[in-house]
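Dear colleague,

Please find below the structure that I am handing over to you.

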Amino acid sequence: MKVALRIWLPLGLLAWVLMSCTTGPENPVFSTFRHVIPLAEPVKPPFHPDPRFEYLRLVTGGRTLYLARGNWEDHHRVSVWYSASGEVLRFRDGRLVGATGLFIEWRAVRLPTLPSWDELANQSIPYTWQRERDVMPGYRYGVVDHLTLQRVAPPTRSDLTGIPATSLIWFKETDGGAIPLPPAWYAWDPRSKEVLYGLVCLDATLCFSWQHWPVT
């Protein structure tokens, strides 16, 4: 009997500790968005957005997911978007400046002062610039991308939905660095002066398109 107690008592205590850890309070931000929509799994249409939130519609690997806007940072210049399963994306004027919670992360992105999309739409020559980012895994800090952005004709195929591609002004951005990323795409609306759709790759294995949702 004493031997049995010596065996089962530590096991019981261990189980109690583990249960206590898993039932503790979670991050209130993720808790909120988990109730908005269960984003850990692909969302099957039709998706009925909660009118209290703005969303991003993401398409990656044949899956469609939705992220909800949580807040703004950097004096209302950076929009922050959350999934219920913990992924967080940050955008500044249509450009990705942060991605965490994915198997590839851009922990920080440093951008120079860039021309407005209105100015870029009226340039006759490509615009070249450099971006610096910190990437995980691998602790790669200060990765420099040598980028060339130019206005192009609307693509014949994209994940854009609900809006005619020809109603937007399209840009393609190529990377001329030592280990180049696949091209990025931006679709800018000259009426709202916003980038409504984009396609970005965190590396050669992880790309996704995004679109403001619902379509207005």
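Two strands are said to pair if DSSP finds at least two bridges between them. Please note that this is a predicted model.

I begin with the strands. Strand β7, which covers residues 127-136, pairs with strand β8, residues 140-152, in the antiparallel sense, and eight bridges connect the two. Within this pairing, W129 stands opposite L147 in β8. The two strands, β7 and β8, form a hairpin, with three residues between them. In that turn, G138 has a positive phi of about 105°.

Strand β8 also pairs with strand β9 (residues 169-175): the two run antiparallel and are joined by six bridges. Here T148 stands opposite T174 in β9.

I turn now to the largest pocket. How much space lies in it? The volume is about 520 Å³. Its lining is made up of 26 residues, and those that lie nearest the centre of the pocket are R69, E194, V195, L196 and H212. The elements that give two or more residues to this lining are β1 (55-60), β2 (63-73), β3 (78-82), β4 (88-92), β11 (194-203) and β12 (206-213). Of the elements in the lining, β12 provides the largest share, with four residues. By residue class, the lining of the largest pocket divides into twelve nonpolar, eight charged and six polar residues.

Yours sincerely

Notes: Residues are numbered from 1 along each chain as its sequence is written. This is a predicted model: local features need pLDDT of at least 70, side-chain atom pairs count only at pLDDT 80 or more; totals for chains, interfaces and linings use all residues. Side-chain values use heavy atoms; hydrogens and water are left out. On a 1 Å grid over the protein atoms alone, a cavity is a set of points where a 1.4 Å probe fits but cannot get out, and a pocket is an open set with protein on both sides within 12 Å along at least five of seven lines; lining residues have an atom within 4 Å of a point. Grid points are joined across faces, edges and corners, and a volume is the space filled by probe spheres set on the points. Ala, Val, Leu, Ile, Met, Phe, Trp, Tyr, Cys and Pro count as nonpolar, Asp, Glu, Lys and Arg as charged, and the others, Gly among them, as polar.
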